[in-house]
Amino acid sequence: MNAMSKPSWIAVDWGTTRLRAFAMTQSHEVMARGDSDKGMATLCTQEFEPALLELITPWLDPVRVTPVIACGMVGARQGWIEAPYRKAPCPPFDAEMVQATARDPRIQVSIVSGISQTDPADVMRGEETQIAGFLAGNPEFDGVLCLPGTHTKWVLISAGEIVSFVTYMTGEMFGLLSRQSVLRHTIGTNGWDDDAFGDALSDAISKPQFFAARLFSLRATSLLSDISPGSARARLSGTLIGIELAAAKGYWLGQNIAVIGAAALSKIYVTALRAQGANAEVYAAQDMTLAGLSAAYAQLETTP
């Protein structure tokens with residue numbers, strides 16, 4: 001980006017561990033991008049604005065206020081300012097966003113609210129923006145969205161609204177079990193075995209009551225026979241995703257399904273779903289986030 005070209009607005013995806021910013025044209029094309037490790041978890045309230053300015057100062061016009069549209073954990077209770085949850089059923093966005101107080105007169109920061117659900121209790125923050133981005137390109141979609149990650153969400157969509165959703169801590173459980181449990185001696189940090197994944201997936205879906213036993217059996221197998229760390233990794237993943245799919249069957253069975261996530265993890269979920277006779281389209285998480293933030297900016301522009 002040269003000195004003469006300044007963005008019309010700035011998109012910000014601010015998670016727990018990472019901050020990502022994008023300089024955007026009026027037609028929602030990315031002019032430049034920045035990334036830092038200053039996620040919500042590392043900052044106190046007064047540090048959010050300086051962390052943002054570290055990334056975006058070269059993009060700012062000295063005489064014009066640049067709108068900044070942010071989503072994610074920046075709007076959490078521990079974030080820059082709390083953007084209260086909106087209750088489902090509801091559209092992914094409403095007409096208002098929460099304004100964060102910025103000392104720098106060159107920016108105006110608006111934060112997208114998360115979504116909550118009362119029964120059973122559940123929340124999302126950041127995923128609603130990806131959902132909005134997906135619906136912007138697929139306005140007639142009725143079905144289920146799967147957003148795999150540390151906390152995977154299954155979201156029922158109808159008539160442009162988030163009807164209900166459920167969250168599974170599958171990714172976090174994988175991390176804890178593979179790095180902090182007795183399985184840390186068995187699970188590799190890389191490598192894969194498609195057959196081991198498929199077998200573990202099928203077993204977990206058909207016999208979820210043996211979940212805890214299967215975990216220790218994985219450790220025992222590594223002690224008593226020759227199993228590679230990559231194969232063990234695939235088996236653990238298959239077991240955990242199988243338990244998730246068994247529990248979430250009421251969401252995905254017989255539905256139109258779209259998966260929104262990182263490419264590698266999305267591929268694993270699509271493979272698991274296909275093994276159960278369910279097909280899914282894949283959409284890149286960052287693309288959907290930018291599309292959702294673009295929708296929020298457009299909405300801000302049209303709000304009186």
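Helices here (H or I, at least four residues) and strands (E, at least two) are DSSP runs, numbered from the N terminus. The model is predicted, so local features need pLDDT of at least 70 and side-chain atom pairs count only at pLDDT 80 or more, while totals for chains, interfaces and linings use all residues. Residues are numbered from 1 along each chain as its sequence is written, and side-chain values use heavy atoms, with hydrogens and water left out.

Buried means under 20% relative accessible area, exposed means over 50%, and partly exposed is in between (1.4 Å probe, protein chains only). In α8 the buried residues are S266, I268, Y269, V270, A272 and L273. After α8 comes G277, which has a positive phi near 80 degrees.

Now for strand β13, residues 257–261, where five of five residues are buried. In a regular strand the side chains alternate between the two faces of the sheet. In β13, I257, V259 and G261 point one way, while A258 and I260 point the other way. Strands pair if DSSP finds at least two bridges between them.

| Partner strand | Bridges to β13 | Residues facing each other |
|---|---|---|
| β10 (143–147) | three | L145 and A258 |
| β14 (281–284) | four | Y283 and I260 |

From β13 the chain crosses through α8 to β14, a right-handed β-α-β crossover (with the strands pointing away from the viewer, the path from the first strand over the helix to the second runs clockwise).

On to the rings. Rings of Phe, Tyr and Trp (its six-membered ring) pair if their centres lie within 6.5 Å; planes under 30 degrees apart are stacked, over 60 edge-to-face, and the rest tilted. The whole structure has seven aromatic pairs. W14 and W80 are edge-to-face, because their centres are 6.3 Å apart and their planes are at 75 degrees. W14 sits in strand β1 and W80 in the loop between β4 and β5, so this pair ties together parts that are 66 residues apart in sequence. Both W14 and W80 are buried. W192 and F197 form a tilted pair, with 5.4 Å centre to centre and 40 degrees between the planes. W192 is partly exposed at 36%, whereas F197 is buried at 4%.
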